[in-house]
Structures are given as structure tokens and as C-alpha cells.
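Please look through the sequence and the model below before reading on.

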Amino acid sequence: MGEKVQVVQCCVWLLLWFGGGTLGQPLECRAGADVGRRCASIPLDKLLERVVQHAELIYRLSEESCALFEEMFIPLAVRTQHIRGGNTCTSPAFSVPGSKGEVQQISDKWLLHTVLILIQSWIEPLFTLQDTLDRYDNAPNVLLNKTKWVSSKLVSLEQGVTVLIRKMLDEGALTMESHQSWMIESSEPADMVESVTKDYAVLTCFKKDAHKVETFLKLLRCRQTQGLSCFPI
């Protein structure tokens, strides 16, 4: 019964997104398309709004994927131990500003480039995670569908942010030489338990960084109308 509910929820999200419902419109910056022409033709305010909506949905689905993975594969005792262990992620150390003074010192350029670096650092790890989940014997389809969707839409978000940088800063975007797995070493797990633990760490670390991306983009959007008086939510 629980899995059926999850499937229905996932379908509703996708229908709202692609059907132009309240969650907004797709970025239209797909791989293989003329990214510069298709995204650049969108007015700046609308492009920024779509990018923010994209980031919101990616973060929301990362939360749902993490919760579903916990429910299926992670005992409560392990979850508690994981929380007590603190931050085991080793992604780029970009912290959310904690005071209004800190926020006012952050430039739009820093926000945009930080968002792009975070997005790029997760593209390859999420595709690797997808390959790993496909080998699980009992992974529910709803989990596989959510992670596949997030992996593909993260690429679209990268392209949208790249165009934002060109529009707002009049410069090319930073491109990492290779997408790096910041949070997990590349060694193969010794057994299934280790593999599940590693995948759990990937999901939880990605959720944290997806929240940072959403927060920074919302701050950037707020600044377009309210200037430096904005503060991260």
C-alpha cells in the first residue's frame, strides 16, 4: 500500500511539472539542444524563476528518495548512529550564511558560481548511484524513478545556471575539468551492507547540497527585487 502511494505521488509531481501546473515549466535547456539559443531567449526574470522551481523540486525529491531509501534499507539504529556521527560529507565546503551581515557581503557572482560548482560536483556521483541502485534485487520502482529523474534534471539545472551566469554576469561559466565524487572514495564496497551504507551516504550528502543550491538560488531571486535586504530562508 505504501509503495502504491509513493508511485501516485511521483506521477503527480511529474504531471504537474511537464503539464505546466503550479510547479512551473521545464527549463528547456536539454542536452543536445542549442542551449545558448533556447535558454537565452527566455527573459531573465522568467529564467531565474524556472531555475529556482527546478532546484526546489530537485531538493524535494532528494528528501523523498532519502526517506524511501531509509524506510527500505536502513534500520533505525543505523540512522541514529549516522546522525550522531555528524557531517561525513566531503563536498565543497560552502556554508549557508548565518547573519544578515554575512549575506550582504556575498556577491551575486559568488552565489552563481557556488551553485554551479555544487551542481557539477554531483552529476557523475548521481549517475553512478543510479547504476548501483539498478543492481539492487528489491529496490522499488518509485525510488529508481525518482533518482533517475533527479539525475537527468540536475544536468538541465546546470545548463540553466550556465545561461544565468552569461545573462547576469556577462561571462562564461566555470567548468570543472572532471566531475568529482567529493563525498565518497571510489573504492568498490566489500559487501552488500557496505554498498547500502555508501549509497545512503551519497543520498544524504546530496540532499544537504541540494538544499544549499535551492537556498542560494532563492537568495539570488530575492535580490532582484529587494536588493541586499534579503536573508536565506
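In which hand, left or right, does α6 pass α7 in their crossing? The crossing is left-handed, a term used when the near helix is turned anticlockwise from the far one by less than a right angle, with right-handed used if it is turned clockwise.

## Basis of the description

This is a predicted model, in which local features need pLDDT of at least 70 and side-chain atom pairs count only at pLDDT 80 or more, whereas totals for chains, interfaces and linings use all residues. Residues are numbered from 1 along each chain as its sequence is written, and side-chain values use heavy atoms, with hydrogens and water left out.

## Overall make-up

The chain has 8 helices and 0 strands, where helices (H or I, at least four residues) and strands (E, at least two) are DSSP runs numbered from the N terminus. Of its 233 residues, 47% count as buried, that is, under 20% relative accessible area, with exposed meaning over 50% and partly exposed anything in between (1.4 Å probe, protein chains only).

Helix α7 covers residues 141-169, and at 1.5 Å a residue its 29 residues should span 42 Å, which agrees with the 41 Å between its end C-alpha atoms; the expected span is 1.5 Å times one less than the number of residues. Because 21 of these 29 residues are buried, α7 is largely enclosed by the rest of the structure. The helix is followed by D170, which has a positive phi near 55 degrees.

Helix α3 has 30 residues and reaches 43 Å from its first C-alpha to its last, close to the expected 44 Å, and it is mostly covered, with 21 of its 30 residues buried. Helix α8 has 35 residues and reaches 51 Å between its first and last C-alpha atoms, close to the 51 Å expected. Just after α8 comes G227, with a positive phi of about 65 degrees.

## How the helices pack

Two packed helices are described by the angle between their axes and the distance between the axes. Here the axes are lines fitted to C-alpha atoms, for helices over the stretch in contact, and the angles run from 0 to 180 degrees between N-to-C directions. Angles under 35 degrees count as roughly parallel, over 145 as roughly antiparallel, 65 to 115 as roughly perpendicular and the rest as oblique.

The axes of α6 and α7 come within 9 Å and cross at roughly 160 degrees, and these two helices are therefore roughly antiparallel to each other. Their contact is made up of 19 nonpolar, 6 polar and 5 charged residues, where Ala, Val, Leu, Ile, Met, Phe, Trp, Tyr, Cys and Pro count as nonpolar, Asp, Glu, Lys and Arg as charged, and the others, Gly among them, as polar. The axes of α3 and α7 also come within 9 Å, crossing at roughly 155 degrees, so that α3 and α7 are roughly antiparallel. This crossing is left-handed, and the residues of the contact divide into 21 nonpolar, 5 polar and 4 charged. Helices α6 and α8 pack at an angle of about 155 degrees with their axes 9 Å apart, and are therefore roughly antiparallel as well. The crossing of α6 and α8 is left-handed, and their contact holds 19 nonpolar, 4 polar and 5 charged residues.

## The nonpolar core

The largest nonpolar core has 57 residues, of which F69, F73, L154, L157, V161, F206 and V213 touch the most other members; such a core is a set of buried Ala, Val, Leu, Ile, Met, Phe, Trp, Tyr and Cys residues joined through side-chain atoms within 4.5 Å. The elements giving two or more residues to this core are α3 (44-73), α6 (108-134), α7 and α8 (192-226), and α3 gives the most, with 13 residues.

## Individual buried residues

L164 has its place in helix α7 and counts as buried because its relative accessibility is 0%. Its C-alpha lies 7.2 Å from that of L48, although L164 and L48 are 116 residues apart in sequence.

The C-alpha atoms of P232 and E214 are separated by 9.9 Å, the two residues being 18 apart along the chain.
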